[in-house]
Amino acid sequence: MTTIRPYTAALIAAVGTLLPTVAVSAQQATNQASATQPGKGVWVFRERLAYMRFENAPDDGGGTQDVDQFSAESILAYGITGDLAVMAHLPAKVRWFTRGRDSALGDRRDVDGGLADWTLMGQWRFLRVDRVGIDTARYAMQFGVEGPSYNEALSSESFDPFIGLSTTHIVGRHGFGGGVRYKFNTDSVPNPVEIGDGGDGYLTADLSYLYRLSPEAYGSEPEGSTYAQIELNARYEVDGDRQNLIAPGLLYEAPTWAAEISVQVPIDQRTTDTADLRVSVVAGVRLLF
Amino acid sequence: MQARSLVNAISRRAAVIVVFSVSSLLMAAGCETIPTTGSTTSTDAGEVAGETVAFDVAGLSCPLCAHSLNKQFDRMPGVLDHKVDLSTGRVVLTLSDGPDRPTWQAIERAVSDGGFTLATGPLDAEAIAVARRDIAVADAIEAHGATIYVAGPVDAESADAMRSQLSIIDGVSEVTPRLDESRFHVAFTEAGRVGETQLRDAVELFGYTVTDVIPDGDTVEGGAS
């Protein structure tokens, strides 16, 4: 394992926040894709900051270790047409590893960090059923590839394509979302910590519900909206690792920007090749321009 | 292990297929032709009559959606002003009389490019009037008049211009400037017909800042007239 100085890792993460990547758009739950996307010629920049706590991650000495991870994910999306958008996603991660006294590598803390694998993605909305007023039902497919950053600790050093489907339904103050995605992993991240970083196929399935807390009804002038959100996120690797998560959160949308926060905790998980997730806290901002 | 090898082999083949498909779709998107929105002086079927056009759009479900649609009209030649009313989905465009005046097809295309669906064709003059009134009524002042307070001193020439601008608002019956107190009193013909935004816009058009708009004390809600 490469050991780097903490401030170097933090700097890399900070730089990662400035690099261009890809994102989606309105009334989208924090931890999943939606069928909403920027219109033609519209850019959306999204920055997600996340803290994740893992336990029982495999280490090089055959033991286990705990991991505290901070990540900054930059996402940039652009609408090519009203129903086709492209997105780029670049995450930077810093991990602090804490080994127990029983580890063959000894009782110590190490730090890893750098740019993790990037993603290029297209989203095609193939069906849009708009009703007069705000109600709408939208369906989209995602397709893309996760490419290597060649960071020796964080990269799978492979090109892993994925496909997905998502839907968004908005009825008055209620928003419903759902989606599935399958990533054809062709190689594994060394000592994978997060589920999905192994060398086997990776399936995600998500459901979300958003309730508009305010305003009760829109006025003629643009005004911000506040939503309460709850998500169910299921993650499965072909080798059997699985995590089922629940994620309450809040989303605020102004006419040209949005802010979000979500806390994700497991309700059921079984991992052998990757680590157990204890908690994930995500805060993000989206900017339209 | 054999099953895992098989999955990985399938994954590698699928990777090639997906990457090829993504490339093809993106290339196709990049080659899409964009219709010309200018030079529409001919009397083709798509010509839009009148200074303003109003229509309804479906699927505007959030503030970001309204912004996304506004962006389409921001860059559309020949659109002098636009208003998207999220509460009703109604859009009102003010169009130029020049050669860049957009066709109805171009407007329809802009709505689609924003990611939304046109719910109606161009509405008639009466509907436009209702649309304008709806927009005004959404922040209407439920009183028979209001006082507009302006930041800083107002010179006489600007006051005359503002008074003229306020006077042409539908529903305004009388405008009384008080320059010594940097305020205007506006009397209405009927409570609830004039929007606060209309009053602010009429003053701020001349570079002044409105600090407050206070409805008259004889509010309709209170039962007095």
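This dialogue walks through two chains of a predicted model, one feature at a time.

Q: What should I know about numbering and about the model before I start?
A: Residues count from 1 along each chain as its sequence is written, while chains are lettered from A and ligands numbered from 1 in the order in which they are written. This is a predicted model, where local features need pLDDT of at least 70, side-chain atom pairs count only at pLDDT 80 or more, and totals for chains, interfaces and linings use all residues.

Q: What is pLDDT, and what does chain A average?
A: pLDDT is the predictor's confidence in each residue, from 0 to 100. Chain A averages 87. In chain A, 88% of the residues score at least 70. Over residues 6-24 of chain A, pLDDT stays under 50. The model has 62 contacts beyond four places in sequence for that stretch. Two residues are in contact if their C-beta atoms, placed from the backbone, lie within 7 Å.

Q: What is a nonpolar core, and which residues touch the most other members of the largest one?
A: In soluble globular proteins, nonpolar side chains tend to be buried together. A nonpolar core is a set of buried Ala, Val, Leu, Ile, Met, Phe, Trp, Tyr and Cys residues joined through C-beta atoms within 7 Å. The largest core here has 45 residues. A:Met87, B:Val57, B:Leu60, B:Leu69 and B:Val111 touch the most other members. Elements of both chains supply at least two residues each, among them strand E3 (84-99) of chain A and helix H3 (104-114) of chain B. Strand E1 of chain B gives the most, with five residues. Apart from this core lies another, of 20 residues, including B:Ile141 and B:Val154.

Q: What does B:Val57 contact beyond its sequence neighbours?
A: Leaving aside neighbours within four places, B:Val57 is in contact with residues including B:Leu69, B:Val91, B:Val111 and B:Phe116.

Q: In what order do the strands of the open sheet in chain B run?
A: Strands of a sheet pair through backbone hydrogen bonds, either parallel or antiparallel. Two strands pair if DSSP finds at least two bridges between them. In chain B, four strands form an open sheet in the order E2-E3-E1-E4, with antiparallel pairing. E2 and strand E4 (117-118) of chain B are at the edges, each with a single partner strand, so one side of each is left without a neighbour in the sheet. E1(B) and E3(B) pair over five bridges. One bridge joins B:Phe55 to B:Val91 of E3(B).

Q: Which helix packs on that sheet, and how is its angle defined?
A: H2(B) packs on the sheet and touches E1, E2 and E3 of chain B. Its direction makes about 165 degrees with that of E2(B). Axes are lines fitted to C-alpha atoms, for helices over the stretch in contact, and angles run from 0 to 180 degrees between N-to-C directions.

Q: Which residue has a positive phi, and which peptide bond is cis?
A: Most residues other than glycine have a negative phi, and most peptide bonds are trans. A:Tyr150 has a positive phi near 65 degrees. A:Tyr150 lies in the loop between strands E6 (136-147) and E7 (160-171) of chain A. The peptide bond from A:Ser214 to A:Pro215 is cis, with omega near -5 degrees.

Notes:
A residue is buried if 20 or more other C-beta atoms lie within 10 Å of its own, exposed if 12 or fewer, and partly exposed in between; C-beta atoms are placed from the backbone.
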